[in-house]
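This briefing is intended to be read alongside the sequence and the coordinates. It is arranged by topic.

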Amino acid sequence: MIVSEKNPTSKMTRLEICWEVFLFAVLFLSLAFIGLKTEAISETIFSNDDVSLATEPIRARDRIYGVALVPLPVGDTFFMAGSRGKIWKTANLGQSFEVLETPTSKHLQDIAFWDEKRAVAVGDEGVALITDDGGTSWNIVKDIPKSDVDNKLIKVTALDEGRAFAVGVMGAILYTEDYGKTWVKKKEEEDISYNDVLFLDENEGWVVGEFATILKTEDGGDTWIKQDVEEGEDRGKQLVETDINIFAIAAKNDNFLLAAGTEGTILTTKNGGKFWQRKTIDTSQHLLALLHDDSKYVGVGNNGIVFTKKGDADCSANRLAENELAWHTDLIKLDENQYIIVGQTSGIWNGRDWKHFN
């Protein structure tokens, strides 16, 4: 390096020159490393190969709204549907999961199976997906009936011979008889949300929803009759408050049914819905999902609540675990003492212990 003798301030010693070269090299290597790191981060964010899906398919931000056990002979296989159009499959009772590819990013609220190959999932904005290959591929149902005001399908139940009913906001009661390929409305639109649908046989069915609404059909869903929901087993009792939102209904048989809703509301009937009686339950949490197994009712709701009712006994409410404060929206029974429960957290419950999938 040539240094001008005419400008003393520009003179540099050999040590100063070496120090300047060293600093330049450090700066260059640092910038190069940052560039490589940035490129690696960019590749991780935008890559189509999301490696973590294989090792951690259920993430903390995932919300699972519906779960369905695949009919026998599969047995150990169940599917879950939830946020951002995700559908999870397990063939080993939840020991590991596979995230299936779907053609939607809408939240899926529920899922139901006709058999081991054919299923339907429904959700926000009136989306409905169907599969006929056991979930390997899913297709969006075109021309499904929709409202000009709002659309959200909350629950779906699959019946024999390709029939199914789906219910949701704006009074949606939709029906299919060709394994979900085409759907029709079974009731006029109205400003009410229906939250659950239950069929006991080919003809008798129930729908529950806002404003303490309970509907019954005895002709396979062609006509729906609103039930008088009273607090008692005799006429003349005070009507149940209409600000109650009923989220779930289950049945022991066509006479004994139970409905559950906001702030710990439990309604029971012993005469096929002619009169309903409110039962006390030791919780003020919303009760969001319900089933009846061979011996008892089991339900879940907000704040980790789980409740049971056996025979004429009052409902017994507890928490899935001492530190469990999440909400749960659906459950299925695996065997005598095991239930899959899904929601803000998801896992398996054996009546005593609660174990998360994730």
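The points below cover strand pairing, pockets and cavities, and aromatic contacts.

This is a predicted model, in which local features need pLDDT of at least 70 and side-chain atom pairs count only at pLDDT 80 or more, while totals for chains, interfaces and linings use all residues. Residues are numbered from 1 along each chain as its sequence is written, and side-chain values use heavy atoms, with hydrogens and water left out.

**Strands and sheets**

- Strands are DSSP runs of E of at least two residues, numbered from the N terminus, and two strands pair if DSSP finds at least two bridges between them.
- Four strands form an open sheet in the order β9-β10-β11-β12, and their pairing is antiparallel. Its edge strands, β9 (153–158) and β12 (184–185), each pair on one side only.
- Within this order, β10 (residues 164–168) and β11 (residues 172–176) run antiparallel and are joined by five bridges. Phenylalanine 165 has tyrosine 175 of β11 as its bridge partner.
- Strand β5 is mostly covered, with six of its six residues buried (buried means under 20% relative accessible area with a 1.4 Å probe, protein chains only).
- β5 runs antiparallel to β6 (residues 119–123), with five bridges between the two strands. They form a hairpin with five residues between them, and alanine 112 stands opposite valine 120 in β6.
- β25 pairs with β26 (residues 338–343) in the antiparallel sense over six bridges. This is a hairpin with two residues between the strands, in which lysine 333 has tyrosine 339 of β26 as its bridge partner.

**Pockets**

- On a 1 Å grid over the protein atoms alone, a pocket is an open set of points with protein on both sides within 12 Å along at least five of seven lines, whereas a cavity is a set of points where a 1.4 Å probe fits but cannot get out; lining residues have an atom within 4 Å of a point. Grid points are joined across faces, edges and corners, and a volume is the space filled by probe spheres set on the points.
- The volume of the largest pocket is about 1,100 Å³. It is lined by 42 residues, and Thr157, Leu198, Leu291, Leu331 and Ile332 are the closest to its centre.
- At least two lining residues of the largest pocket come from each of β1 (64–69), β5 (108–113), β9, β13 (194–199), β17 (246–251), β21 (287–292) and β25 (328–335). The most come from β21, with five residues.
- The lining of the largest pocket comprises 27 nonpolar, four polar and 11 charged residues, where Ala, Val, Leu, Ile, Met, Phe, Trp, Tyr, Cys and Pro count as nonpolar, Asp, Glu, Lys and Arg as charged, and the others, Gly among them, as polar.
- The second largest pocket has a volume of about 320 Å³. Its lining has 14 residues, with Gln109, Lys152, Ile154, Phe247 and Thr329 closest to its centre; by class, six are nonpolar, five polar and three charged.

**Cavities**

- The whole structure has two cavities of 30 Å³ or more, and the largest cavity holds about 150 Å³ of space.
- Among the 19 residues that line the largest cavity, Pro145, Lys146, Ser147, Asn151 and Ala172 lie nearest its centre. β11 gives the most to this lining, with three residues.
- Eight nonpolar, four polar and seven charged residues make up the lining of the largest cavity.

**Aromatic contacts**

- The search finds 12 aromatic pairs in the whole structure (ring centres of Phe, Tyr and Trp, the last by its six-membered ring, within 6.5 Å; planes over 60 degrees apart count as edge-to-face, under 30 as stacked and the rest as tilted).
- The ring centres of phenylalanine 78 and phenylalanine 97 are 6.0 Å apart and their planes lie at 70 degrees, so this pair is edge-to-face. It links distant parts of the chain, 19 residues apart: phenylalanine 78 is in β2 (residues 78–82), and phenylalanine 97 is in the loop between β3 (87–90) and β4 (98–100). Both phenylalanine 78 and phenylalanine 97 are buried.
- Phenylalanine 165 and tryptophan 224 are also edge-to-face, because their ring centres are 6.2 Å apart with planes at 80 degrees. Tryptophan 224 is in the loop between β15 (213–217) and β16 (225–226), 59 residues from phenylalanine 165 in β10, and both residues are buried.
- One aromatic cluster is formed by Phe165, Tyr175, Phe199 and Trp224.
- Arginine 118 lies over the face of tyrosine 179, at 3.8 Å from the ring centre, and lysine 252 over that of phenylalanine 256, at 5.6 Å from the ring centre (NZ of Lys or CZ of Arg within 6 Å of the ring centre and within 35 degrees of the ring normal).

Note on methods. Buried < 20%, exposed > 50% of the residue type's maximum accessible area, 1.4 Å probe, protein only.
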